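Please read them with the structure open.

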Amino acid sequence: MAVMTSRAVTLRPSGASFGNVETFGKRWNNPFLGNKSKNILKPGESTRKIFGVKVRAGATRNRESARKSKSQQGEKGKQQQRQQEKKQPTNQALTPQQKVANLIRFSQDETLLFDPRSADPTCTNSSHNDSRDSSFSSRSDNNEASREPIRCIYAFPNEYTVGICSLGYQLVWAYLSSRPSVHVTRMFTDAHDPFPRNPNLLGFSFSWELDYVNVLNILEDLGIPVRSEERLESGSTCFVFGGGAVLSANPEPFADFFDVILMGDGEELLGSFMDAFEACVSGGGGEGGSDSSSSSSSGSSRRLEILSALAQVPGVYVPLLYRVEYHSPTGPIADVSLVQLPAGSMLPAAPPVVERQTYRGKQLATSTVVSPRMAWEGIYMVEVVRSCPEVCRFCLASYSSLPFRPAALEDHLIPAIERGLQVTNRIGLLGASVTQHPQFDALLSYLLQPHMKDIRLSIASVRTNTVTAKLAAALAQSGTRSLTIAVESGSERLRRVVNKKLDSADIIAAGVNAQEGGLSGLKLYGMVGLPSETDADVAATVGMMRELRKAAPRLKLTLGCSTFVPKAHTPFQWQPVQPAAEGRLRLLEKEMRKEGVEFRPESYKWSVWQAVLSRGDRRLSRLLQRAREFGGSQGSFGRAFKEMRGLVPPPEYYAFRQVDESEVLPWSHLSGSLPVAVLRQHAAEAATHFISTGSTDS
């Protein structure tokens with residue numbers, strides 16, 4: 001494992017909203033160091049500085065040496081390694097020893113771009129201590145140095161190759177590893193470090209709803225009670241926290257599984273949470289001990305005391321301190337209120353509304369680790385912008401992370417890219433709308449310099465009307481063969497409904513420019529089932545693809561299409577899933593085949609279950625546990641709902657119902673980036689473009 005350390009720059013968990021910053025591709029919308037001795041300079045190794053960063057010589061490669069090393073390894077060796085790894089048993093069959101061996105092996109391929117200075121009570125290598133820079137000792141006082149470190153397991157509930165490619169996960173891991181008072185252990189479904197005894201903290205980066213099955217599996221594997229109330233009753237000394245794309249919008253279906261949920265950007269939140277937790281532990285009662293020996297009433301009281309203290313930190317949500325009441329077992333929510341604390345309790349009350357924390361700085365996220373085992377092999381990620389200025393009315397990524405913030409070009413983006421180029425030649429530019437950075441042209445010119453010609457450049461998202469021949473040529477030069485744009489629909493009326501400020505001419509021009517710039521493919525993202533959609537709108541999408549085929553005949557065209565799912569804290573949170581969407585997906589598939597366009601639909605049925613979770617409440621937690629017992633498949637959800645009929649609302653209640661704007665929503669006690677009154681205003685503006693069902697206007 002190669003290590004790059006920095007003395008001049010204090011590591012910030014940029015973008016560590018546990019999911020607001022993620023990786024490329026819709027699926028990925030979607031850790032830790034055990035024995036640190038493997039990161040230490042070996043006898044005879046030297047260090048050098050590149051762009052102000054201390055680098056271990058021989059461990060970090062420039063672009064030319066990276067290619068040379070790759071060619072020396074040879075394709076034959078790679079194939080042999082892959083074949084050997086295929087012989088490994090599936091995740092379900094892996095033993096703990098095999099998972100530990102996996103992470104040791106995976107870690108050897110990692111290059112770290114931060115200084116892992118966390119205290120490791122198992123490490124006795126003196127060179128480990130000697131390798132820490134002066135800022136380490138300055139952050140610890142004598143009391144902290146003698147205090148037992150916080151034992152934290154930080155988990156990504158999916159495989160290593162997926163989790164290590166999550167920028168949010170990388171950043172939180174790096175931050176925790178850089179705190180001298182924390183000993184952090186990484187965990188994935190197929191690999192993990194040796195676990196500490198009696199961990200104080202178990203954290204999750206939760207990026208995809210159906211990964212909840214793995215969250216529950218991990219809790220059970222570690223012998224930790226699955227539900228927060230069970231941990232309170234037993235006096236457990238392990239606290240389960242989480243964040244990420246799933247929990248940042250509507251955490252309520254999963255709330256009963258977490259003691260703490262972090263709401264907002266990590267730059268504003270993570271340090272405050274850890275400071276508060278360490279203060280609680282240092283105050284007594286946090287020294288560990290097994291769950292079985294911590295089931296006394298005093299343990300429960302101490303646990304409630306810690307949770308109440310953590311709830312005072314802005315952005316820290318403690319679900320156990322909030323009570324949800326319903327009009328009936330299958331009816332709407334009547335009220336969300338604070339739990340009454342024990343009589344005579346001196347514990348502070350939790351806030352009635354948890355305020356999301358927003359970072360407004362110009363230094364955004366960059367990768368803290370690079371590995372050839374990442375889903376996007378060897379990619380160094382740079383967050384160019386956060387949020388999106390267009391604010392499409394269905395888009396959680398826009399509404400959950402407002403306001404729109406571009407990173408500083410000269411002071412941050414360019415130095416970050418230069419830093420990344422010392423370890424890889426593959427650069428990924430991240431953001432909901434990368435090309436709308438106000439200085440994107442200057443950034444592109446920088447990347448087009450002659451000495452940059454060997455860079456492999458990937459861009460997470462490109463606004464359609466910013467696709468120029470220059471941009472396409474830059475991507476083609478870097479080895480990119482295709483470009484992805486989001487158009488949502490071929491209907492101009494429907495694009496007005498969703499606030500997609502895009503003309504049909506812009507879409508055609510994007511295709512022409514992509515072809516002129518030398519790209520071979522163009523992928524478009526569309527959506528069916530949007531509010532007020534008609535068959536005529538779907539026909540307009542078919543017509544758009546036909547025109548695009550004529551305008552750019554050499555491009556390979558792909559249409560990816562999903563079903564509209566209402567998301568919390570957006571103007572369309574009250575809208576239902578449209579059952580007609582299933583048939584419209586089939587129609588598009590038939591028509592795209594005629595036009596020679598590759599069609600990639602997302603499963604309508606899974607979209608329905610996603611909508612159930614997207615607008616779900618706490619009643620679903622028991623159902624989720626039951627569905628997991630049934631296997632976690634589509635059929636498992638249906639079977640669980642059938643078994644619990646009368647105890648929870650049916651799926652139609654969550655997915656297909658038009659929700660009244662006066663109704664108490666499951667997330668009403670959790671603030672969004674915009675007030676509800678503004679969301680209602682945006683919803684009303686969208687409705688001005690609705691048409692009657694029988695109209696054919698598109």
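1. Alanine 486 lies opposite tyrosine 525 of strand β20. The two paired strands here are β19 and β20 (residues 521-528), which run in the parallel sense over six bridges. Pairing is taken from DSSP and needs at least two bridges between two strands. Helices (H or I, at least four residues) and strands (E, at least two) are DSSP runs, numbered from the N terminus.

2. This is a predicted model, in which local features need pLDDT of at least 70 and side-chain atom pairs count only at pLDDT 80 or more, while totals for chains, interfaces and linings use all residues. Residues are numbered from 1 along each chain as its sequence is written, and side-chain values use heavy atoms, with hydrogens and water left out.

3. β19 and β20 belong to an open sheet of four strands with parallel pairing, in the order β19-β20-β21-β22. β19 (482-488) and β22 (598-601) are the edge strands; each has a single partner, so one side of each has no neighbour in the sheet. From one strand to the next, the twist averages 20°.

4. How do helices α19 and α20 pack? α19 (residues 535-551) and α20 (residues 580-595) meet at an angle of about 20°, and their axes are 10 Å apart. Axes are lines fitted to C-alpha atoms, for helices over the stretch in contact, and angles run from 0 to 180 degrees between N-to-C directions. The two helices are therefore roughly parallel to each other, a term for angles under 35 degrees.

5. Residues of α19 in this contact include Val538, Val542 and Met545, and those of α20 include Leu587, Leu588 and Met592. Contact means heavy atoms within 4.5 Å. By class, six residues are nonpolar, one is polar and six are charged. Here Ala, Val, Leu, Ile, Met, Phe, Trp, Tyr, Cys and Pro count as nonpolar, Asp, Glu, Lys and Arg as charged, and the others, Gly among them, as polar.

6. A further open sheet has six strands in the order β6-β5-β7-β8-β9-β10, with mixed pairing. β6 (182-187) and β10 (316-317) are at its edges with a single partner strand each, so one side of each is left without a neighbour in the sheet.

7. Within that sheet, β5 (residues 150-155) pairs with β7 (residues 201-205) in the parallel sense over four bridges. Isoleucine 153 is opposite leucine 202 in β7. Helix α7 (residues 167-177) packs on the sheet and touches β5, β6 and β7; its direction makes about 150° with that of β6. Helix α8 (residues 212-221) also packs on the sheet, touching β5, β6, β7 and β8 (239-243), and its direction makes about 165° with that of β7.

Notes
Parallel < 35°, antiparallel > 145°, perpendicular 65-115°, else oblique.
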